[in-house]
Amino acid sequence: MCLAVPGKIVSIDTSVPELKTAKVDFGGIVKHICVQWVDVQEGDYILAHAGMAISVLDEGEALQTLADFDAIARALESD
Amino acid sequence: MQYIDDYRNNTHIQTLARAINRKVAHEWNIMEICGGQTYAIARYRLEDLLPPEVRLLHGPGCPVCVTSEEVIDHALDIARHPEVILASFGDMMRVPGNETDLLHLKAQGADIRLLYSPLDAVELAAANPAREVVFFAVGFETTIPVHLAALQEARRRKMTNFSLLCSFFAVAPAMEMIVQQPDNRVDGFLAAGHVCAITGNAACRRLAARYKHPVIITGFEPVDLLYGLYRCICQLERNEAQVENAYKRAVPENGNTVAQALMNDALDTVGCKWRGIGYIPDSGFVLKAKYSAYDATGKFPFENTKHLTNTRCISGEIMKGKLCTADCHCFGTECTPEHPAGAPMVSAEGVCAAYYRYRQP
Amino acid sequence: MKTVCPVPYNASDTILLGHGSGGRMSHQLIRDVFRAAFGNPLLDQDHDGCVFAVEAGRMAYSTDTFVVHPLFFKGGNIGDLAVNGTVNDLACCGAVPRYLATGFILEEGLPLTTLQAIVHSMQAAAGKAHVSIVTGDTKVVEHGKCDGIFINTSGVGIVPEGINIAPSRATVGDVVICSGNIGVHGVAIMSARDSLGFETALESDTTALNHITQQLLCTIADVHVLRDPTRGGVGTTLNEIAAAANVAIELDEAALPVPNAVKAASEILGIDPLYIANEGIMLVILPERHAEQALRLLQRFVESKNATTVGRVVASGRATVTLKTVYGNHRTVPMLAGEQLPRIC
């Protein structure tokens, strides 16, 4: 369930305060996505599901996870 | 693509596959909850990378598959009203009710539209003031608040020609039902990361503490799935039962509080029927009475007199983790995407369709 | 009582039922729109059909009908598709396309300027492909009975001596070359549809490929199969070829030329690029010893500059298409049950 795709905020439109939207670039495809539920600025990455940004992607956590993969790889080498 | 390519990277896949093989000492049954995860496991054939000790069970997290025949019949009935435009996601179009499906009804002239977002349905209603736009709103907690956002937008714009036919499910009660089965086989769960992105991790924590099974909040890319499995297996081998978040980039501990507030405001919790599985207490949601103006069940009352009597389909047992597609006598023979015997053979994320489509050569 | 003439025979700015009546309005339309654009000596025979001399050898004959929404999209319109589609079908039979016939079904109310724009695109595409539109027909249906315009084109071409292209010829040891990027046309069309609401810089790649196939076949006569993977995409087309030749085809996922925007659209819509329609690429199946030469030749043309080897015919006696994933495991690439629908769940 729940196809959600990461995309980068290009611009934000707050003209309807109850329904803030953003132009989001998904890597060559641009869609208007509602960003009412997330606190975002241009350049942030969000996770979009059915036209809604449900989460802001956390770069620090992403890097930490990738570092974890490297640590697992090193542990395999040293075993 | 940023936040995708790294999580499909072959080096990470091989690292995690080796780490899992190294770590496993016992046999484990691990259930991924979400249909999107099942789809990725099938599509990337991740099971080929796992040691024989690790068996994946495929959970009930495809709302299209578990939406009951009665609700689909109701949608079909609503779509037959000439003043109605019935809109839904592409996934719902081929799922059969007791007699037909939305695509066939569309072919007979019903005005049925395929949309990307429930918010687009609000625009459709605004553009067609003389018509009643009904969005066939299926979903778990990830999608439910998006439907509610559409409802709130229609309300803000004082529209009277927009309503939702809701088929809303809660994931945690289904997980609980599975582990409560006397012959439960599930040792650990990969929880649906995108549901947790909305709900937060509290329900998973309760489940892990109460039933002593590890629950790993897991993403949807192949690397995410192997990472979730790795961490689950590490716990199982250490005899632990914790909640771990293996999808921290997308899932904060408390989820999305704005979306939670929308759900608390608009929904009552009810017991409901899951197709193939049966009734699960407190596993569904209906709109509160104050939103009855946007509830298609009130606008289009429906008495279903038909009962499906297909006993060949064992998908309920598969989604409970008791059987697998290999146990089904119909799989790939009597039951194919062209002639589905059960809903999981229809939806792309249904376990049967995913395994049929991406089966081993 | 005043009488009103029911058939306005002066120029109209929209298509009316009378334009399909066979009367004066029909003749005006043919003269002012179709003949004005397509004019050539064979068409000017002004006959119920077209009479022409036949050449020695074998001929290829193909037909295709075009319904597309919207009619105009980035990179082309239904007129380009209608000419390029049949030209490419002939080219993939190994033929040199020569003559096209075209049938139009017009919806009452279609703006004449729209029809003219489409017809001019058809003529430009025909000119580029060195084919002539030599005969045609027009019918007009009531408003609501068709989506603006439907076009059928049929064409004939000459198959040069020594050329034998057929899906059944795919043989173990052959390689599968894809002449260009996958999924571009389909994504451009989807983005032009309001209902899916996304924007992309991608343009349809619709183009005629016959100049490329002619060069290829002049240089390498031993090409086994040529196919343009249009509706159903590369996945469906390869399944058809595997079935016709009763062979197993294996694709290499890492080698598939899928542009980022096509990947992105596929992610958002939950669809597979292997099943997205293409209009400007072809699959070339030929013995491996010719692969290098074929690639060098294809890459010289702008339309096929991204040509690359994507797979091979690995076994005979079973009709399957499989994909070697980037992780080194294998999965089937089946024929889909029906149309690929965007999914969200």
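Author: Let's start with area: chain A and chain B bury about 3,600 Å² between them, and carbon and sulfur atoms give 67% of that. Buried area here is the accessible area (1.4 Å probe) that two parts lose on being put together, summed over both. The size of an interface is often given that way, as accessible area lost when the parts come together.

Before going on, a word on the ground rules: this is a predicted model, so local features need pLDDT of at least 70 and side-chain atom pairs count only at pLDDT 80 or more, while totals for chains, interfaces and linings use all residues. Residues are numbered from 1 along each chain as its sequence is written, chains are lettered from A and ligands numbered from 1 in the order in which they are written, and side-chain values use heavy atoms, with hydrogens and water left out.

Back to chains A and B. Counting contact as heavy atoms within 4.5 Å, 38 residues of chain A touch 49 residues of chain B. There are 2 salt bridges across this interface, a salt bridge being a side-chain nitrogen of Lys or Arg within 4 Å of a carboxyl oxygen of Asp or Glu. One of them pairs Arg156(B) with Glu18(A), with the closest N and O atoms 3.7 Å apart. On the side of chain A that touches chain B, at least two residues each come from strands S1 (5-13), S3 (29-34), S4 (45-49) and S5 (52-56) and from helix H1 (59-78). Helices (H or I, at least four residues) and strands (E, at least two) are DSSP runs, numbered from the N terminus. H1(A) supplies the largest share of that side, 12 residues.

Now for chain C. Here 27 residues of chain C are in contact with 37 residues of chain B, and the two chains bury about 2,800 Å², 58% of it on carbon and sulfur atoms. The salt bridge count is 2, and Asp272(C) and Arg357(B) make one of these, at 3.9 Å from N to O. Helix H7 (260-269) and strand S14 (330-332) of chain C are the elements that give two or more residues to the side touching chain B. H7(C) brings the largest share of that side, 5 residues.
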